[in-house]
Structure formats: C-alpha cells, structure tokens
Amino acid sequence: MVNLQQGHPISDAISDAMLRIINARHHDPFEVLGKHGAIHPARHETDDPTALDTCVRCFLPGARAASLVVQGKPVAMSRVEGTDFFEWYGAATNIDAHYEVEWRDRYDQLHREYDPYSFAPQVSDFDLHLFGEGQNWSIYNKLGAHLHQVDGVSGVLFATWAPNAERVSVVGDFNAWDGRQHPMRVRGGSGIWELFIPGLSGGDLYKFEIRNRASGKVFLKTDPYGQMFEHRPKTSSIVTPPSQHQWQDSQWLEQRAQWNWQHAPLSVYEVHLGSWRRGANGEFLNYRDLAHQLVEYVKPLGFTHIEVLPLTEHPLDDSWGYQTTGYYAPTSRFGTPDDFRYFVDHLHRHGLGLILDWVPAHFPKDGHALAQFDGTALYEHADPRMGEHPDWGTLIYNFSRNEVRNFLLANALYWLKEFHIDGLRVDAVAAMLHLDYSRKDGEWIPNKYGGNENLEAMSFLSELNVLCHGQHPGAIVIAEESTAWPQVTRPTWVGGLGFSMKWNMGWMHDTLEYMSKDPIFRKYHHDQLTFGMMYAFTENFLLPFSHDEVVHGKGSMINKMPGDNWQKFANLRLLYTYMYTYPGSKLLFMGSEFGQWSEWAHWKQLDWHLQDGHFHQGLLNLVKDLNHLYTASPSLYERSFQHDGFEWIDCHDSEQSVISYIRKGGDEMTVVVLNFTPTPREHYRIGVPVAGGYRELMNSDSEFYAGSNMGNGSPIYSSPVPWMGQQQSIEIRLPPLGALVLRVES
C-alpha cells in the first residue's frame, strides 16, 4: 500500500538491504543509500517517465525531519514508516550529482551537509592492487584519514583494511559516535573499506566501529594509519590538518645523499625525550623546546647524531615507546606532527642527524589498536606459537601477509620521507629472525625446512633495507641483533640482510663484565678484552652503551665500575676512551656522559645538578674531547669496518692488564695504550710503527678530566729497539686506570 502525505510517498515495505542498514550489518551501504534510478510506486503509465525516475534515500538515526536541497531550496523528504530512512522521488535532472541534505536532530538542531553516499569510490583500483601485492609504498596517503576534495566539495576520505568485517563505520563527535550513521563501502575482495565524508576537517576525532562477520561482535578501533592521536590515556585518532611546516634542511639532505657512512664518523647520543629534561613542574617539553635544548647541549659535545627511543604513539609511558599503537603518528606527548618536523629540521640545520628507534617486531594487545583488528588475527599470527611474544606479552606481526608487510615497509619509508629522518634503529631483530626465540621445545613451529629461521621475517628485513637504502640514499638502518646470525650487514645480493650496521652486543657485554671486576682479578679475564677482535670485522658494528644497560637493576654506567669514587670515574674514563678508539661506530645513552649515579628512570629528568661536581664535569669534558678527537681523526673512523684499519701492538700483557693497538686511516696512524689497573707504570715500553716523536693527543688521567695528571708532557721519541713486532719502540709513563692516545709528529 502506498500512502501519500503532502504529495510525497511513505513506503510501508522495507527491503532486506534496508534492514541490514538499520541493524548496521550492510557491507555496501551504497546499495541502499544515496541516489538511485527508481520507479515511483505511484507513477502511472501515462505520467512523464522522467518525472519520478530517481530516488534519494538517507538513513538519519534520531532525525526528526529531513529535506533534500533541490535547485537551492529544501524539499521535504518522506520518512519510511517506522524507520529513520528518508526518501525523495523526483527527476534526476532536478538534483546535482552531489546534493545536500538538511535535517533536524532530536534536539531540533539543524544540520546541512552533502550526502556521503553521492560520491564514487576514491581509492583507485591500482592502489588496491598494489596494496594486495604488498607493494604500495605510499599507502599511508590512501588508507587512514585524509583531507580530500571531490568536484569542489571538501571533506575527509577515510579508508581502512578489515577483510573479515561484516560492516565498518566511521564514528566521531560529528555523528555522536553512532556506528549506524556513516557505514563504509567495501572495495570488492581487497578488504579495504572507504567513505568520503564531506564537511569534516583537520582536528576532528574519529575511530572505526567494526562488526566481525563471523561472530557479530562490534568494537571500536583506532586508525592503524592514523597520523595524529589524542594525548594518553585518551585514544581517539585525529584527522591531521595540512602541514604548515616549511623545511629548511635541503643542504643537509643533499649532503646526506652523498654521505659515505662506511668511512665517516658516527657518534650517537641516545635520548628518551620524556626523561631527558622536563619543564619546571615536571611536565613534558614540546618538540620545539627539546630541539633547541638538545642542539645547545649535544652539538658542543661533538656527537654527530641523536637517536630517540620510539616516538611512535603508545599508550603506556612504562613501555618507553616500544609498545606502539600508532605507527604513523609522532606521540602527542610532545606536540603535533609539525612540532616534530620542526624538531628534525632544527637538528639538521645545526649539523645533527636523527635516528629513530623503530619497532616492527611486535605490538601490544591493547583492545583499541591493532590486536584482533577486525575480530580476527589480522596483523598478528593466529597461532600463539608464532603470534605471541612470551617475554613481553605482545603480539608478533604476520610477515607472510602482503598487507601487513606493506603496512610496515611503507611506515619505514614514511618516517624517512615525511619527517626527513636520517635512519632507523630496528629493535629486537633477533626475536624476529628466530622462531624459537625465548621459547622452549614444543612452543614454536619450525619453518617449511624444519629449521628455526623465520623465513618471512628474513624476507621482510631484506626488503626493508633495499627500499630504505634505495629510495633514501645516505639513510642508515641499524639492527639491534644480539645473536651470531651471519651477514646481518652484508648486501642482500650476496645473501645478507642488508642492514647498514649492527649493534655489537657481544663486545658490549664482554667489556662491561670485564670492567665490573676488581682490577686485581682482571688479569684472569683478559680474553674478554681481546676476543672481540676475532669477529670485529665480520659485520659493520656499532658499539652501544645504551638505555638497556642502565635499567632493571643493572646499575648506571658509573656504578658498574669498581672501587672508590676516584677509581669509578677513572675506570669509566678508561672505558669510554677504549670505546672511542676501538673499531666501530659509537652510541652513548643520555646521562652516561656525565656519570649519573642512579639508574635511568623514565618518569623524571636526568640529575643535571651532578654536572657541577668535579668528577662529573671531568667525565663530561672527556666525552666532549673524545668526540672531537674521533670525528677529526680519519684513523679512528675511516676503516672502522675493515681489518686493515686495526693492528695489535700487544694483546698478551694479561699480567699487567695492558693492551695496545694501532688505528689506521688515510695516511694517519694513532697509537692507543690502555692500563686497566690502578698501578702507575713508569718506563712502559711499547713497539711503534714508525720512528719519530710521539705526542699525547688524549690522556684520560689528565687533571682536566679530574684525573691524577700522570702522563707524558713532551714528545716521546722512539728508538731503534725492536719491540712487540715493531722495529721502533718508545718508553711511556702509563697512568693508573688510564688511557693514552698517541700520534707521531709529522
């Protein structure tokens, strides 16, 4: 039966498709909503066939009335009896392709907006194809939420990947978080859902409401590709406004593209932004303030790069950023994406590079984020033997899925391209590569060959490095890999993983264990100093004294050292001189440069007042001078990854706990002698490579560094006395717990 009310029909029949819209279960709302060719039930054969050939249907939960704007004037729409559907029948020629609807909500507030269901799909078939192949490197410009314009109509294009959803809706303040109001359309078998919503703008809050196809469960999820989020503990995604930042680092990027990092100095200051410095009331500083303060502090110290612990959005401060929920968003703790762009730009304009700690190995189980995103194990493996990390209580990415690989690979490129990051430090690579990492027998699944190698992760990491190095020349990718996995830093075309560098965890652990021992016992552990040279050139190594070594009861760097305060600082000065003169790039965690007594605490700033202390200031002076010596001496960096850049003078003096070696680069040679006991050694003879007068470049026992000032003031001239395999030798005064760096005068 057809009823007429003021000349407009009200249908008493509801189709199955309309019921699915009402129940928020329809996978393609465009089948029901929007403009459709239709025959009006009341049209007679004698009527003009074009008069009532089009139906416009809207679903407006809670609306009291609705009108269609026809030729600039509101024309009342008819409610479908017993529902929140509103319909208008008329001639197609009377309405625009993109028409507006006016409606009054339950509070009698008037709304006027373009109908989202009058717009064609916006994500191209080619983009869908590339994503399905795992090869869409700019997918972050398609999925997520982006300011968009269609035929002069402005709004936001939303898109997300949820192949096991029955229905996905965009919800936010703009629709009272009602999932019935803006259901999205699914794009065939791609699993991608999209909807263009006119009238929205930057700053609007949103989430995706997802109904699982199998279970019918409904849940809210933040946007995996969201580029801005609310400040924790809130979790909504934010439509990101257009960037207003004008980059000024073109000269830096041009130089980086030509940077021969394998033969250049790299000294990294590792920072956790939330606890480096804070405001007067303990609040987080903004990215812009941090940029200025870091440059003012770090640049004079001579570091070449800053590495920041993960800045991707994360809900839990205690995770230090390593449990990421927003991979495409700089954390809102310190400001906006443009604030972070300023941070990077300011560092570059002052000659400092930036390395970002990046975590593709695992993600947290927080219900609002990636875990069970569409009600199934989508980003993670379904089987906990492959999909859960036993140590961290997190989920492991399913690297065998093209769309998951694409999500992560595009994310790496996103940081390098959109924020001009100079490199990535990839966390937990060992956990990615080993199927049995931290698992007992029966708790892991072998690969197809029966081994414990994660073949999909291997392929992912190789592709990551090929892409990053290929698309961003001069950018570096560093592996935190703690096992003896071969060829981590060898090119992919010879079977390697293709990383630029790898953390030298073996050297770090052996060295710290050795240094923690009372000097009287060190002679029994001399091999911990010398063994590292057995594998020093099998990879491109970076020497890390990182955040991991100053937490969880391990003690601060200064408190790892034995002895009284004088000996502790002497030991640490000796250790740092050893690191800076040993083959490999360098990394030092914040606070270690001045000898913070307490372990790192992520909830408060460093103990800056300690720098006023005599020993602390001396240590800081040493680190500054070591950085400047290192970056100015080709012999200390030019062949850091080549065996011909290092030569032992003597590695056998275990009885006196002394080692000596030569570093080579270009036409330069540097002699290093290290005394790991508190016993001063007069007339200590070492062989030297060439005849001449040797001058002290560095003495860790100098009074300038709060040492005892035992050293060799004048040039030390060699004599033709063969010693330690050299034809020339010199006698030196070797200070207690001291290091000497010598070079022949030209």
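What percentage of contacts in the protein between residues at least 6 apart in sequence join residues at least 24 apart? The figure is 70%, where contact means heavy atoms within 4.5 Å.

1. Basis of the note. This is a predicted model, in which local features need pLDDT of at least 70 and side-chain atom pairs count only at pLDDT 80 or more, while totals for chains, interfaces and linings use all residues. Residues are numbered from 1 along each chain as its sequence is written, and side-chain values use heavy atoms, with hydrogens and water left out.

2. Overall form. The C-alpha atoms fill a box of roughly 120 × 55 × 40 Å along the principal axes. The protein contains 16 helices and 39 strands; these are DSSP runs numbered from the N terminus, helices being H or I of at least four residues and strands E of at least two. Of its 746 residues, 60% count as buried (buried is under 20% relative accessible area, exposed is over 50%, and partly exposed lies in between, with a 1.4 Å probe and protein chains only).

3. Nonpolar cores. In soluble globular proteins, nonpolar side chains tend to be buried together. A nonpolar core is here a set of buried Ala, Val, Leu, Ile, Met, Phe, Trp, Tyr and Cys residues joined through side-chain atoms within 4.5 Å. The largest core has 183 residues, of which Phe-158, Tyr-269, Phe-343, Tyr-379 and Tyr-576 touch the most other members. Helix 8 (residues 402-418) gives the most to this core, namely ten residues. A second, separate core has 15 residues, including Tyr-694, Ile-730, Leu-734 and Leu-742.

4. Phe-158. Neighbours within four places in sequence aside, the contacts of Phe-158 include Trp-193, Leu-195, Tyr-206, Phe-208 and Val-239. Gly-144 and Glu-194 are also among them.

5. Largest pocket. On a 1 Å grid over the protein atoms alone, a pocket is an open set of points with protein on both sides within 12 Å along at least five of seven lines, whereas a cavity is a set of points where a 1.4 Å probe fits but cannot get out; lining residues have an atom within 4 Å of a point. Grid points are joined across faces, edges and corners, and a volume is the space filled by probe spheres set on the points. The largest pocket has a volume of about 650 Å³. Its lining comprises 25 residues, and Trp-320, Trp-392, Asp-427, His-547 and Asp-548 are the closest to its centre. Helix 9 and helix 11 (505-515) each supply at least two lining residues, and the largest share, three residues, comes from helix 9. By class, the lining of the largest pocket has ten nonpolar, seven polar and eight charged residues (Ala, Val, Leu, Ile, Met, Phe, Trp, Tyr, Cys and Pro count as nonpolar, Asp, Glu, Lys and Arg as charged, and the others, Gly among them, as polar).

6. Second largest pocket. The second largest pocket holds about 520 Å³ of space. Among its 29 lining residues, Trp-103, Glu-113, Phe-174, Asn-175 and Gln-181 are the closest to the centre. Strand 10 (110-114) is one of the elements that supply at least two residues of this lining, and strand 10 gives the most, with four. The lining of the second largest pocket divides into 16 nonpolar, six polar and seven charged residues.

7. Cavities. There are five cavities of 30 Å³ or more. The largest cavity contains about 160 Å³ of space. Of its 16 lining residues, Met-386, Ile-396, Ala-431, His-434 and Asn-454 are the closest to the centre. Helix 7 (384-387) and helix 9 (429-433) each supply at least two residues of this lining, which divides into ten nonpolar, four polar and two charged.

8. Ser-237. This residue lies in strand 18 (residues 237-238) and counts as buried because its relative accessibility is 0%. A polar atom of the Ser-237 side chain lies 3.0 Å from the backbone nitrogen of Asp-223. Beyond its neighbours within four places in sequence, Ser-237 is in contact with residues including Asp-204, Tyr-206 and Phe-229.

9. Backbone geometry for review. Most residues other than glycine have a negative phi, and most peptide bonds are trans. A cis peptide bond joins Arg-232 and Pro-233, with omega about 15°; Pro-233 is in the loop between strand 17 (218-221) and strand 18. Ser-438 has a positive phi, near 60°, and lies in the loop between helix 9 and helix 10 (455-471). Gln-487 also has a positive phi, near 60°, and lies in the loop between strand 28 (476-479) and strand 29 (501-503). Ser-438 counts as partly exposed because its relative accessibility is 38%, and Gln-487 is partly exposed with a relative accessible area of 31%.

Terms used
A polar contact is a pair of N or O atoms within 3.5 Å; within protein, one must be able to donate a hydrogen and the other to accept it, and residues adjacent in sequence count only if both atoms are side-chain atoms.
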